[in-house]
Amino acid sequence: IQGEGKSIGRPSIFIRTSLCNLHCSWCDTDYTWNWIGTPFKHEKDSEPGYEKYSKADYMVQLSIQEIAAELAPINCRNVVLTGGEPLLQQAELTELMLLLRKADAGYRFEIETNGTIAPAKAFDDLVDQYNVSPKLANSNNPLKLREKADVYKYFSENPKAVFKFVVSNEEDLQEVLALISKYKIKPRHVYLMPEGTSPEKLRAKQQWLIEACKQHNFNYTDRLHIHIYGNKRGV
């Protein structure tokens with residue numbers, strides 16, 4: 001199921017692309033970019049046994065026909081293209097969406113993006129919903145990499161886009177409020193989500209974040225999959 005944001009609770013098929021143009025220190029899908037030999041830091045570096053990932057072990061190449069064949073027998077038509085950063089591969093994903101829609105016009109496509117790459121028109125024409133998750137200073141990405149003014153403006157004006165911000169503390173919230181004001185993002189399109197990979201960590205931030213949503217007329221989103229399954233892949 002989709003565990004976050006506007007479509008929370010909706011049965012979904014996730015297609016996860018490798019590679020990302022950002023490298024968040026708290027990323028829970030670091031197996032898509034934190035390769036052996038790269039200089040990127042991660043908060044799990046201090047954990048016993050944590051190692052960077054081998055591309056050969058964690059990346060597989062599939063044709064769009066092979067992906068479509070995997071999806072065909074699944075009784076679900078809400079497809080979430082995620083990553084990594086899926087817009088790094090939008091030409092190929094455009095072909096995939098066209099192929100799936102040709103097989104069944106009922107396919108619906110959500111895109112999970114960090115909001116640093118603007119989609120081409122051919123890609124945008126096929127998308128039903130963008131889940132834009134801008135990265136804050138807490139991600140440890142340099143400002144010049146994580147905030148692309150022209151792209152933020154594009155998504156703030158795109159009626160298919162909603163914004164999901166990962167918040168840990170009051171400092172994060174003030175940064176979010178500044179971005180919303182700067183790019184004129186509509187409050188009804190904003191979702192605040194607590195940072196955390198366990199139910200306990202999520203609950204610890206839940207109450208004050210909900211109050212912030214009420215104060216600013218934002219939406220609150222939890223991480224439903226964490227509560228149901230725990231911090232696991234493939235769920």
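A polar contact is a pair of N or O atoms within 3.5 Å; within protein, one must be able to donate a hydrogen and the other to accept it, and residues adjacent in sequence count only if both atoms are side-chain atoms. The model is predicted, so local features need pLDDT of at least 70 and side-chain atom pairs count only at pLDDT 80 or more, while totals for chains, interfaces and linings use all residues. Residues are numbered from 1 along each chain as its sequence is written, and side-chain values use heavy atoms, with hydrogens and water left out.

**Stop 1: N138**

Select N138 and W26. Their side chains make a polar contact at 3.1 Å. N138 sits in the loop between β4 (129-132) and α5 (143-146); helices (H or I, at least four residues) and strands (E, at least two) are DSSP runs, numbered from the N terminus. The C-alpha atoms of N138 and D172 are separated by 7.5 Å, and the two residues are 34 apart along the chain. N138 is partly exposed, at 22% relative accessibility. On this scale, buried means under 20% relative accessible area, exposed over 50%, and partly exposed in between (1.4 Å probe, protein chains only).

**Stop 2: the salt bridges**

A salt bridge is a side-chain nitrogen of Lys or Arg within 4 Å of a carboxyl oxygen of Asp or Glu. By this rule the model has 15 salt bridges.

Begin with D104 and R77, whose closest N and O atoms are 2.8 Å apart. D104 is partly exposed at 28% relative accessibility, and R77 is partly exposed at 28%.

Next, select K160 and D124, a salt bridge with an N to O distance of 3.4 Å. The pair links distant parts of the chain, 36 residues apart: K160 is in the loop between α6 (149-156) and β5 (161-167), and D124 is in helix α4 (residues 121-124).

Then move to E195 and K205, where the side chains form a salt bridge of 2.8 Å, N to O. E195 lies in the loop between β6 and α8 and K205 in helix α8, so the pair ties together parts ten residues apart in sequence. Both residues are buried.

Finally, show E4, D28, K164 and R223 together. A network of salt bridges links these four residues.

**Stop 3: backbone details**

Which peptide bond is cis? Select G83 and G84: the bond from G83 to G84 is cis, with omega near 15°. G84 is in the loop between β2 (78-82) and α3 (90-103).

Go on to K184, which has a positive phi of about 55° although it is not a glycine. K184 is in the loop between α7 (170-182) and β6 (190-194). At 67% relative accessibility, K184 is exposed.

End at N217. This residue is not a glycine either, and its phi is positive, near 65°. N217 is in the loop between α8 (199-216) and β7 (219-220), and is exposed, with a relative accessible area of 60%.
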